[in-house]
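Here's a quick tour of a protein fold, written for someone who would rather look at the picture than read tables. Have the sequence and the structure open as you go.

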Amino acid sequence: MNKDNADNLTGENVIYWAKRAYGAKMVPGTSGNISVLEGDKVLLSASGVCLGDMELKDIAILNIDGENLNNIKPSSEKLMHLEIYKKRPDIKAIIHIHCPYATSFAVCHKEMNEPILPEFIYNFGTAQTGTDDNKAQRGVPSAKYALPSSFELAEEVSNYFRDGNNAVLMENHGLVAGAASLKQTFYILESIQAYAKTYFAAKFLGEIHKLNEEEILKIKNLKG
């Protein structure tokens, strides 16, 4: 990577969290992509790269308008990353995954919002909480299907981030999350993955017992 274009330490950080995502079985094969916004530049995983095998040479550098600055072909989902950054200035890192457990919800066009785990309710809300003015507190929403890599998909998904969501399912596709750092983004995804795994295991064991509205409110009030 050209030292004049981006700090190698930032590139190494991207590689570290890419490998963490691969090790957590969030991005099988060459699926998924990862990026950070560093000043006025976006470091984005290259097209067709396995995140578990990433090296510095596998990081494309773009400006916020999508112009390629180092001649490395970026992930085909670059439009989605760029649109999220444009609409949410507080977000500096994005990871898009294809974890089978989470993607199963997307395939079923089912949002993640059932009140079964206090931590999930605290971080994402539920179907029983939130209003039209607070869409980010109704769990993890599911964006309507659009062709992968298209501007239509980028627009659809980024609008959920604009409304305050930090994680969005994509129908028949996968899941994307964003935060102020790659560490925070990874933790969001890990929490969602744990929710999905717990949901499937509970369905297998028997009837799922949901927390009631009073219990949900108490959890919400922990935020103060």
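This is a predicted model: local features need pLDDT of at least 70, side-chain atom pairs count only at pLDDT 80 or more; totals for chains, interfaces and linings use all residues.

What follows covers model confidence, the sheet, and the helices packed around it.

The protein chain averages a pLDDT of 92, and 92% of the residues score at least 70.

Seven strands make up an open sheet with mixed pairing, and their order is 3-2-1-4-7-6-5. Strand 3 (59–63) and strand 5 (142–143) sit at the edges with a single partner strand each, so one side of each has no neighbour in the sheet.

Take strand 6 (residues 167–170) and strand 7 (residues 174–179): these two pair in the antiparallel sense over 4 bridges.

Helix 3 (residues 100–107) lies across strand 6 and strand 7, running at about 65° to strand 6.

## Helix 2 meets helix 5

The axes of helix 2 (residues 78–87) and helix 5 (residues 151–162) come within 8 Å and cross at roughly 30°. The two helices are therefore roughly parallel to each other, and their crossing is right-handed.

On the helix 2 side, the contact residues include L79, M80 and I84; on helix 5, F151, V157 and F161 are among them. By class, this contact has 7 nonpolar, 2 polar and 4 charged residues.

Terms used
Residues are numbered from 1 along each chain as its sequence is written. Side-chain values use heavy atoms; hydrogens and water are left out. Axes are lines fitted to C-alpha atoms, for helices over the stretch in contact, and angles run from 0 to 180 degrees between N-to-C directions. Angles under 35 degrees count as roughly parallel, over 145 as roughly antiparallel, 65 to 115 as roughly perpendicular and the rest as oblique. A crossing is left-handed if the near helix is turned anticlockwise from the far one by less than a right angle, and right-handed if clockwise. Contact means heavy atoms within 4.5 Å. Ala, Val, Leu, Ile, Met, Phe, Trp, Tyr, Cys and Pro count as nonpolar, Asp, Glu, Lys and Arg as charged, and the others, Gly among them, as polar. pLDDT is the predictor's confidence in each residue, from 0 to 100. Two strands pair if DSSP finds at least two bridges between them.
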